[in-house]
Amino acid sequence: MLCARIWRGLSPLCGGGRRAAWKGTRSHTAAAGLDLSGVYPPIATPFTAEEDVDYRGLEENLQKYAKIPFKGLVVQGSNGEFPYLTEEEQVDVVKTVRRSLQADKLLLAGSGCESTRATVQLTEKMAAAGADAVLVVTPCFYKGKMDSRALIQHFTKVADSSPVPVVLYSVPANTGLELPLDAVVQLSQHPNIVGLKDSGGDITRISLIVHKTKTQDFQLLAGSAGFLMAAYCVGAVGGVCALANVLGQELCDLERLCASGLWEEARVLQQRLIEPNAAVTRKLGVPALKQAMEWFGYHGGACRSPLQPLTEAEAQQLRRDFSSNGWL
């Protein structure tokens with residue numbers, strides 16, 4: 001594609017020039033000025049007992065999130081159970097959030113599918129539904145063939161056609177695939193790819209990505225509250241943190257402390273967030289996140305099958321992880 005050939009040929013030192021040269025979509029101006037810095041909850045999708053989307057519960061959650069100084073919301077991320085929603089539901093949830101979200105808040109919508117064609121199509125629908133940018137996860141079903149060449153082509157085609165800026169999404173715990181460093185560096189030169197959400201938690205890798213993309217308008221978001229402070233230390237601009245669904249103000253407080261250079265206070269707060277964060281992510285996952293939301297006055301609701309609710313023992317462990325750190 002013409003625009004892909006243009007940006008690949010540009011020097012990585014040309015910065016704004018690459019954006020001026022790229023004419024692939026109407027979003028290049030928005031991409032150039034999109035500031036991702038801040039904290040985002042990847043919001044959960046509440047379901048009724050019958051596993052229908054609970055739009056009323058969702059809207060009540062959004063009213064509460066409006067009182068927290070988030071930069072914006074991520075919709076249809078891993079914590080939104082997006083693989084279990086139909087495409088119609090995915091788009092409807094984004095529309096619902098857009099209607100409730102303040103004009104000065106960003107809406108990032110997940111649009112990653114297994115095929116490039118489907119991702120392009122869903123990206124267009126998410127933009128039409130009101131997304132300010134899309135979060136595109138790595139395709140992974142044929143992970144053995146998803147090398148740098150395949151992934152660069154995939155994300156390039158998506159970004160070439162997307163009407164809104166693109167944020168790459170690497171979540172190896174779910175996909176079994178980490179977006180290779182060389183692919184990230186090359187893709188960072190694309191003028192419609194504005195950043196990366198890295199959920200792997202390897203601070204050395206995050207630091208190296210920041211270093212190798214420093215001549216580009218490329219922003220790094222930490223994908224978990226457990227390493228948010230460490231990510232800020234090496235140059236990340238914010239975080240998309242599951243725990244922000246529950247302890248949103250506290251995550252925003254951590255961001256403020258880091259931005260203000262109050263590292264000792266930040267360290268104390270960060271350490272108190274590690275165990276509850278691990279409980280609602282890698283240890284017990286979305287069912288634990290939804291249970292914790294209920295404890296803190298939000299609508300977590302049921303999970304959609306085949307996800308199962310917590311066992312009594314898991315719920316007790318979850319409560320200990322929060323209470324032992326002073327949150328319950």
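**Pockets and salt bridges at a glance**

The largest pocket has a volume of about 960 Å³. Its lining takes in 40 residues, with Ser78, Tyr169, Val171, Ala173 and Asn174 closest to the centre. Keep in mind that this is a predicted model. A search of the whole structure also turns up ten salt bridges.

**The largest pocket**
- Helix 13 is the top contributor to the lining of the largest pocket, giving six residues.
- By type, that lining splits into 21 nonpolar, 15 polar and four charged residues.

**The second largest pocket**
- This one comes in at about 190 Å³.
- It has 15 lining residues, and Gly301, Ala302, Cys303, Pro309 and Leu310 sit nearest its centre.
- Helix 14 supplies the largest share of the lining, four residues.
- Seven of the lining residues are nonpolar, five polar and three charged.

**Salt bridges**
- Arg304 pairs with Glu89, with 2.8 Å between the closest N and O atoms.
- Arg304 is in the loop between helix 14 and helix 15, and Glu89 is in helix 5, so this pair ties together parts 215 residues apart in sequence.
- Arg304 and Glu89 are both buried.
- Asp132 and Arg98 form another salt bridge, at 3.0 Å from N to O.
- Because Asp132 lies in the loop between helix 6 and strand 4 while Arg98 is in helix 5, the pair links parts 34 residues apart in sequence.
- Asp132 is partly exposed, at 27% relative accessible area.
- Within helix 13, Glu264 and Arg267 are three residues apart, or about one helical turn, and their side chains meet in a salt bridge of 2.2 Å, N to O.
- Glu264 is partly exposed at 49% relative accessible area, and Arg267 is partly exposed at 32%.
- Glu178, Asp198 and Arg205 are joined in a salt-bridge network.

Note on methods: Residues numbered from 1 in each chain as written. Predicted model: local features only at pLDDT ≥ 70, side-chain atom pairs only at ≥ 80, totals over all residues. Heavy atoms only, no water. 1 Å grid on protein atoms, 1.4 Å probe; cavity = no way out; pocket = protein on both sides within 12 Å on 5 of 7 lines; lining within 4 Å. Points joined across faces, edges and corners; volume = space filled by probe spheres on them. Helix = DSSP H or I, 4+ residues; strand = E, 2+ residues; numbered from the N terminus. Nonpolar A, V, L, I, M, F, W, Y, C, P; charged D, E, K, R; others polar. Salt bridge = Lys/Arg side-chain N within 4 Å of Asp/Glu carboxyl O. Buried < 20%, exposed > 50% of the residue type's maximum accessible area, 1.4 Å probe, protein only.
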